Amino acid sequence: MGQMTVRFTAPNDHGIADHTLIPAQGAAMYNPLRVVRNGAGCEVTFTLFQRSGMNDAEFDRDAAWVARDLAALKALLEGM
């Protein structure tokens with residue numbers, strides 16, 4: 001996929017951690033990410049958009065990457 005720049009929203013107290021992935025070539029990809037308290041823990045919600053021109057196989061590949069990353073985040077946070 002090549003080099004990618006990641007830009008997050010400014011730090012805030014609202015659980016918003018939206019970020020934009022900016023490839024060396026091609027269009028930037030906006031990714032909404034929210035963290036919401038739930039009892040003694042929290043829920044993380046990530047929205048993955050199927051971009052214009054992206055076929056279903058490409059979307060499924062991106063969804064698998066997101067699932068892998070969220071599983072790693074879960075393991076990291078639960079291990080703290």
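Select Asn-31 and the residues around it. Leaving aside neighbours within four places in sequence, Asn-31 is in contact with Asp-18, His-19, Leu-21, Phe-46 and Thr-47 (contact means heavy atoms within 4.5 Å). This is a predicted model, in which local features need pLDDT of at least 70 and side-chain atom pairs count only at pLDDT 80 or more, while totals for chains, interfaces and linings use all residues. Residues are numbered from 1 along each chain as its sequence is written, and side-chain values use heavy atoms, with hydrogens and water left out.

Stay on Asn-31. Is this residue buried or exposed? Asn-31 counts as buried because its relative accessibility is 5% (buried means under 20% relative accessible area, exposed over 50%, partly exposed in between, with a 1.4 Å probe and protein chains only). The side chain of Asn-31 reaches the backbone oxygen of Met-29 at 3.2 Å. Asn-31 lies in strand S3, residues 29–31 (helices, H or I with at least four residues, and strands, E with at least two, are DSSP runs numbered from the N terminus).

Next, switch to a cartoon view. Select strand S1 (residues 4–8) and strand S2 (residues 19–23): they run antiparallel and are joined by five bridges (two strands pair if DSSP finds at least two bridges between them). Thr-5 has Ile-22 in S2 as its bridge partner.

Leu-21 is partnered with Met-29 in S3. S2 and S3 form a hairpin with five residues between them, and Gly-26 in the turn has a positive phi of about 105 degrees.

The charged pairs come next. Side chains of opposite charge can pair when their charged atoms come close. The structure holds five salt bridges (a side-chain nitrogen of Lys or Arg within 4 Å of a carboxyl oxygen of Asp or Glu). Select Asp-18 and Arg-34, whose side chains meet in a salt bridge at 2.1 Å, N to O. The pair links distant parts of the chain, with Asp-18 in the loop between S1 and S2 and Arg-34 in strand S4 (residues 33–38), 16 residues apart. Asp-18 is buried, with a relative accessible area of 6%, whereas Arg-34 is partly exposed at 31%.

Move to Arg-51 and Asp-62. Their closest N and O atoms are 3.3 Å apart, in another salt bridge. Arg-51 sits in the loop between strand S5 (41–46) and H1, and Asp-62 is in helix H1, eleven residues apart. Arg-51 counts as partly exposed, at 31% relative accessibility, while Asp-62 is buried at 9%.

Then select Lys-74 and Glu-78. Where are they? Both lie in helix H1, four residues apart, about one turn of the helix.

Finish on the surface with Val-35, Val-44 and Leu-70. Together they form a nonpolar patch with about 180 Å² of accessible area (patches are made of residues with over 30% relative accessible area and no salt bridge, like charges being joined within 9 Å and nonpolar side chains, Val, Leu, Ile, Met, Phe, Trp and Tyr, within 5 Å; accessible areas come from the Shrake-Rupley method with a 1.4 Å probe, and for residues only the protein chains shown count as cover). Leu-70 is in helix H1, residues 56–78, and counts as partly exposed at 32% relative accessibility.

Conventions
A polar contact is a pair of N or O atoms within 3.5 Å; within protein, one must be able to donate a hydrogen and the other to accept it, and residues adjacent in sequence count only if both atoms are side-chain atoms.
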